[in-house]
Amino acid sequence: MTATTVDTAGHGAAPRTVAPVTWKAVIGLGVVLALYALLLLLAPHEGSARFALSTSTDFVVLSTIVVPAMATAWVCGVVGLVVVGLAVLRTRARRPVPVWAVALFAAALLVGFLAWAAAGSPRDLSVVGLLGGAVGLAVPLVYGALGGVIGERAGVVNIAIEGQLLAGAFVAAIVGSLTNSPWAGLVAAVLASALVALVLGLFTITYRVNQVIVGVVLNVLVIGLTSFFYSELLVPNAETLNTTVRFERLPIPLLERIPIIGPVLFNQTIVVYLMFVAVAAVWFALFRTRWGLRVRAVGEHPKAADTVGIDVLRARYRAVLIGGAVVGFGGAFYTVVSINQFGREMTAGAGFIALAAVIFGKWDPLRAALAGLLFGFATNLQNVLSVVGSPVPSQFMLMLPYLVTLFAVAGLVGKSRAPAASGTAYTKE
Amino acid sequence: MSGETPGRRPDSPPDNPLDEALETVDPAAEPGLAEELEQEAAREQAPTVEESGERWRDALRRATSGGWAVALGAIVLAVLAGSVLIVVTDEDVIAAAPYFFSRPSDTFAAIGQAVGGAYSALFQGAVYNFGADSFAQGIRPLTQTLTNATPLIAAGLGVALAFRAGLFNIGGQGQMLMAATAAGWIGFGVTGLPFPWHMLLCLVAGVAAGALWAGIAGLLKARTGAHEVIVTIMLNYVAFYLLSYFLATPGLMQAPGSANPKTPPMQDSAVLPPLLGDRYNLHWGFVLSLLAVVGVWWLLNRSSTGFAFRAVGENPKAARVAGIDVPRTTVLVMLVAGGLVGLAGTQQVLGTVTTGFSADIDAGIGFDAITVALLGGSSPWGVLGAGILFGGFKAGGSAMQAAQGIPIEIVLVVQSLIVLFIAAPPLVRAIFRLPQPERSPRRRDSRAARRRADAARGTEEGQA
């Protein structure tokens with residue numbers, strides 16, 4: 001029923017948004033720039049900001065950049081203003097605002113904001129730490145978002161990403177501890193997450209229960225089960241059941257010596273490298289293979305897919321299971337990469353951020369992965385800023401991904417449209 | 001179909017807005033819409049029991065294929081699953097299991113003891129404590145159950161109301177937190193107001209805050225089509241961090257002279273008075289919840305606003321045809337639903353936790369409310385029953401944890417399983433071998449045929 005209402009709203013709004021000129025992008029950029037300028041005017045933060053581009057152990061040691069904070073911030077603001085001007089011109093010419101302009105805008109304001117926030121701090125703001133930590137925090141989000149994209153493309157909304165991550169983390173901790181092998185933990189996490197996906201499929205595809213209900217309830221179920229067994233089994237037997245061996249970092253020769261990028265991207269664990277492979281693989285599978293075409297067909301118009309002979313239910317089951325398996329990699333990240341033990345509800349809402357990344361990424365694997373990285377970055381920004389002693393309350397930084405998603409969903413950051421049959425069960429007539 | 005309308009039982013109310021919409025649609029003019037309405041109507045009527053002549057067999061079939069049998073079956077299944085969890089982690093059972101084949105009686109005795117002890121503790125913690133010295137002491141667990149049920153009922157009503165209008169209110173947590181923020185801030189911050197007025201002001205502020213927070217989701221949905229599930233989930237986090245900020249900032253909500261993210265205690269003039277005297281925790285919030293049940297029942301079943309809510313929930317297209325302003329109704333539904341959830345948040349601050357609260361004041365009730373609404377079949381009286389049941393689980397779960405050392409999370413498992421099974425009646429019926437209600441293809445066919453005939457006649461008339 002909800003899906004239908006969404007549809008009607010979408011169709012109802014369609015004729016209105018056909019208007020050739022949309023000023024949404026300009027308005028959005030303008031509002032952000034105005035807020036930025038207000039921040040600089042109302043809370044000037046004199047001093048100099050120190051950006052450390054490398055650590056002393058890196059192959060190429062770059063010197064720390066010291067800049068006057070307010071001047072840098074204002075210069076960055078001017079760059080932003082130029083982009084807004086460009087956007088106005090482009091919109092007047094009835095052409096879309098180019099993506100690179102928006103990226104430039106975001107980058108300029110970010111650098112300016114960092115300069116402002118780090119002003120006067122005796123500590124260096126580590127750029128490598130900021131970016132590297134962001135990649136680390138983004139791993140479960142990206143895997144979760146990829147799994148979510150696969151499911152939704154096949155027409156099954158996956159609210160249970162949180163539960164899948166948690167189940168994966170839990171089982172990876174137990175199996176990884178018992179076998180002393182992170183690989184076994186990884187495989188177990190994938191299986192556990194796929195198992196949750198199987199239950200999701202059973203109830204939503206076979207029994208046609210509302211997908212959102214099943215997702216929400218599965219989250220509660222997994223939280224309950226893992227917390228129960230955590231107290232009953234893992235806490236008393238922490239030595240044997242809850243102490244994993246973690247994956248070692250696997251620096252890639254030569255590439256890891258590139259300044260900044262090297263330590264951020266090429267000195268990571270295998271799970272992180274697999275993430276980049278997975279993003280490309282999911283994109284390829286969805287848009288360049290027969291399987292992907294079928295998945296998208298059953299997600300957009302299951303009846304038509306059925307008419308041409310695709311087994312809709314089987315295609316959906318397969319997609320949901322594969323999606324669940326992908327999420328499992330993210331779950332394993334918690335207990336065999338990040339730290340070496342399981343903790344109660346340790347995913348702490350990452351599944352919901354992943355869900356937000358799915359929507360923010362417009363149900364596209366590449367964009368969803370980028371959205372996951374962005375959210376990871378926002379979370380890590382808060383960590384890094386608290387180290388240098390930022391004037392912004394940490395709670396507002398933590399709130400940022402959710403606010404961004406709210407704006408995205410409300411259509412202020414470009415229109416997003418879900419796969420047409422997402423959220424509805426299919427009954428063969 | 002049950003899969004599409006959240007939490008609705010198959011037995012639809014007699015005044016079905018669909019039928020009315022069907023009357024108003026001209027199949028010749030709008031064949032697509034008419035067809036959709038027909039399909040909706042067919043789905044609505046699908047799970048009816050075929051008449052088979054014999055009255056008693058019919059009655060039995062009706063009873064066993066009805067919603068109550070499924071609910072009972074779901075509870076039995078969930079409790080069984082909970083027992084399994086208790087058994088596999090019980091030390092005595094694990095100790096006796098290795099020599100199961102030589103002396104199975106030991107294992108069974110251990111199993112019996114573990115399960116019996118657990119559920120006995122659950123019952124004594126939720127209903128009546130037989131070990132107590134006096135009746136007043138013994139009945140204490142029941143009052144605790146009702147105390148727990150108070151916010152569950154209010155929040156469950158909010159979720160159920162939204163369900164009936166076809167909206168998912170996953171944002172109970174955020175709405176409760178904002179309500180607690182507003183009510184709590186006035187509760188400890190405003191001084192000099194006498195008793196009933198201060199409390200009433202807090203109540204109004206809390207309910208309004210919850211309503212506005214949910215109203216954001218309703219407005220976004222109505223204006224931009226943003227899916228309310230995503231919006232409410234995001235608003236949960238925004239509310240959490242907003243309250244965390246207030247609590248961590250001296251001068252805002254943090255208790256003076258304290259470094260903890262916690263508010264000062266509520267003033268006596270703002271607190272909901274105890275209902276049964278100071279001996280019990282039960283407060284007047286429970287009466288408010290009962291009033292809310294009656295209010296929501298009246299709203300849904302006796303008012304034209306409620307009729308519009310249900311019509312939009314059944315079929316927004318048909319509702320639009322019938323002249324209902326769907327976007328306006330959507331906003332209104334979320335406002336009322338948020339207000340009810342806000343009532344739950346207010347009850348928490350003014351009744352249950354009056355000594356100052358932190359950012360976990362919602363205690364998971366926002367999410368429990370979803371399960372309460374689903375178990376209650378989205379009807380006000382059902383929510384009342386489900387709220388009391390889950391309140392009992394909560395009270396009994398704590399007692400079980402204290403007495404038997406079984407983690408309280410088992411309650412989460414049992415609750416979620418209940419809802420999962422209830423949402424899939426065919427599964428429960430298959431497990432218990434209850435009769436599956438047959439679809440009635442004949443009726444659907446005849447309706448479709450009649451519609452085709454009507455449409456054909458319409459075009460003929462048009463040509464003539």
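Guide: A salt bridge here is a side-chain nitrogen of Lys or Arg within 4 Å of a carboxyl oxygen of Asp or Glu. The model is predicted, so local features need pLDDT of at least 70, side-chain atom pairs count only at pLDDT 80 or more, and totals for chains, interfaces and linings use all residues. Side-chain values use heavy atoms, without hydrogens and water, residues are numbered from 1 along each chain as its sequence is written, and chains are lettered from A and ligands numbered from 1 in the order in which they are written.

Visitor: What makes B:Glu409 and A:Arg344 a salt bridge?
Guide: Their closest N and O atoms are 2.3 Å apart, and the limit is 4 Å, so the pair qualifies. B:Glu409 sits in helix α18 (residues 409-423) of chain B and A:Arg344 in the loop between α14 and α15 (350-360) of chain A, so this pair joins two chains. Helices are DSSP runs (H or I, at least four residues), numbered from the N terminus.

Visitor: Why is B:Glu409 called buried?
Guide: Buried means under 20% relative accessible area, exposed over 50%, and partly exposed in between (1.4 Å probe, protein chains only). B:Glu409 has 12%, so the label is buried. A:Arg344, at 40%, counts as partly exposed.

Visitor: How do you know that B:Asp368 and B:Lys394 pair up?
Guide: The N to O distance is 3.8 Å, which also falls within the 4 Å limit. B:Asp368 belongs to helix α16 (residues 365-375) and B:Lys394 to helix α17 (residues 380-404), both of chain B, so the bridge ties together parts that are 26 residues apart in sequence. B:Asp368 is buried at 10%, while B:Lys394 is partly exposed at 23%.

Visitor: How many salt bridges are found over all chains?
Guide: The search of the whole structure gives four. Among them is B:Lys221 with B:Glu228, at 2.9 Å from N to O; both of these residues are buried.

Visitor: Why does A:Arg290 count as exposed?
Guide: Its relative accessibility is 64%, and the exposed label starts over 50%. A:Arg290 lies in helix α12 of chain A.

Visitor: What makes B:Thr346 buried?
Guide: Its relative accessibility is 0%, against the cut-off of under 20%. B:Thr346 lies in helix α15 (residues 326-352) of chain B. Leaving aside neighbours within four places in sequence, its contacts (heavy atoms within 4.5 Å) include B:Ala179, B:Cys202 and B:Val207.
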